[in-house]
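My notes are below, in the order I went through them.

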Amino acid sequence: QGQLVESGGGLVQAGGSLRLSCAGPGSIFISINSMGWYRQAAGKQRELVATIPKGGSANYADSVKGRFTISRDYTKNTVYLQMNSLRPEDTALYYCNANIYILGQGSTDYWGQGTQVTVSS
């Protein structure tokens with residue numbers, strides 16, 4: 001809890017854009033492996049949106065390919081999700097996820113608190 005801090009959600013019209021940010025912890029005792037974004041719409045299960053492993057290539061859900069771009073700033077331990085051409089069906093609570101290795105404790109998955117994205121038609 002509290003390891004990931006999200007920002008950037010909001011209300012936007014269809015066709016618009018939003019950029020989500022998620023900052024992870026910074027410490028010499030920590031290494032962040034994969035980072036990613038998931039979302040959960042009302043009444044539905046949480047689903048993967050995009051992930052990016054440390055030093056690797058991004059992976060996207062088919063529904064967002066060509067519209068969303070995930071990126072990482074390794075100097076800031078931050079992951080971004082640039083969302084373009086938003087659709088009403090993108091409306092959901094977006095969660096940041098990170099697999100974090102802590103020296104002496106091993107690797108654990110952490111989740112952000114969630115940021116709401118609402119796309120109006």
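The entries start with ground rules, then go through strands, loops, rings and charges.

**Ground rules.** I'm working from a predicted model, where local features need pLDDT of at least 70, side-chain atom pairs count only at pLDDT 80 or more, and totals for chains, interfaces and linings use all residues. Residues are numbered from 1 along each chain as its sequence is written, and side-chain values use heavy atoms, with hydrogens and water left out.

I took strands as DSSP runs of E with at least two residues, numbered from the N terminus. Strand β7 covers residues 68-73. I asked which of its residues sit on the covered face. They are F68, I70 and R72, while T69, S71 and D73 make up the uncovered face.

Next I looked at what β7 pairs with, where pairing takes at least two DSSP bridges between two strands. Strand β8 (residues 78-83) runs antiparallel to β7, and six bridges join them. I followed one of those partners: F68 is bridged to M83 in β8. The hairpin has four residues between the strands.

Most residues other than glycine have a negative phi. I noted two non-glycine residues with a positive one. N77 has phi near 50°, and N77 belongs to the loop between β7 and β8. S85 also has a positive phi, near 50°, and S85 is placed in the loop between β8 and β9 (92-102).

N77 is partly exposed because its relative accessible area is 22%. S85, at 40%, is partly exposed too.

**T115.** I looked up T115 in strand β11 (residues 115-120). T115 comes out at 12% relative accessible area, so T115 is buried. What does T115 touch, beyond its neighbours within four places in sequence? With contact meaning heavy atoms within 4.5 Å, I got E6, G8, G9, L20, A92, L93 and Y94.

**Rings.** How many aromatic pairs are there? I paired rings of Phe, Tyr and Trp (its six-membered ring) if their centres lie within 6.5 Å, calling planes under 30 degrees apart stacked, over 60 edge-to-face and the rest tilted. The count is two. Y38 and W111 are edge-to-face, with 5.1 Å centre to centre and 65° between the planes. That pair links distant parts of the chain, since Y38 is in strand β4 (residues 30-40) and W111 in strand β10 (residues 106-111), 73 residues apart. W111 is partly exposed because its relative accessible area is 34%. Y95 and W111 have ring centres 6.5 Å apart and planes at 85°, so this pair is edge-to-face as well. Here Y95 comes from strand β9 and W111 from strand β10, 16 residues apart. Y95 has 12% relative accessibility, so Y95 counts as buried. I wrote down Y38, Y95 and W111 as a cluster linked by ring pairs.

I also checked for charges over rings (NZ of Lys or CZ of Arg within 6 Å of the ring centre and within 35 degrees of the ring normal). R46 lies over the face of Y95, 3.8 Å from the ring centre. R19 does likewise over Y80, at 4.0 Å.

**Salt bridges.** My criterion was a side-chain nitrogen of Lys or Arg within 4 Å of a carboxyl oxygen of Asp or Glu. There are four salt bridges in the structure. One of them joins R39 and E47, with the closest N and O atoms 2.7 Å apart. R39 is buried at 6% relative accessible area, whereas E47 is partly exposed at 38%. K65 bridges to D62 at 3.1 Å between the closest N and O atoms, and D62 is exposed at 64%.

D90 and R67 meet in a salt bridge at 2.8 Å, N to O. D90 lies in the loop between β8 and β9 and R67 in the loop between β6 (59-60) and β7, so the pair ties together parts that are 23 residues apart in sequence. D90 and R67 are both buried.

Conventions:
Buried means under 20% relative accessible area, exposed over 50%, partly exposed in between (1.4 Å probe, protein chains only).
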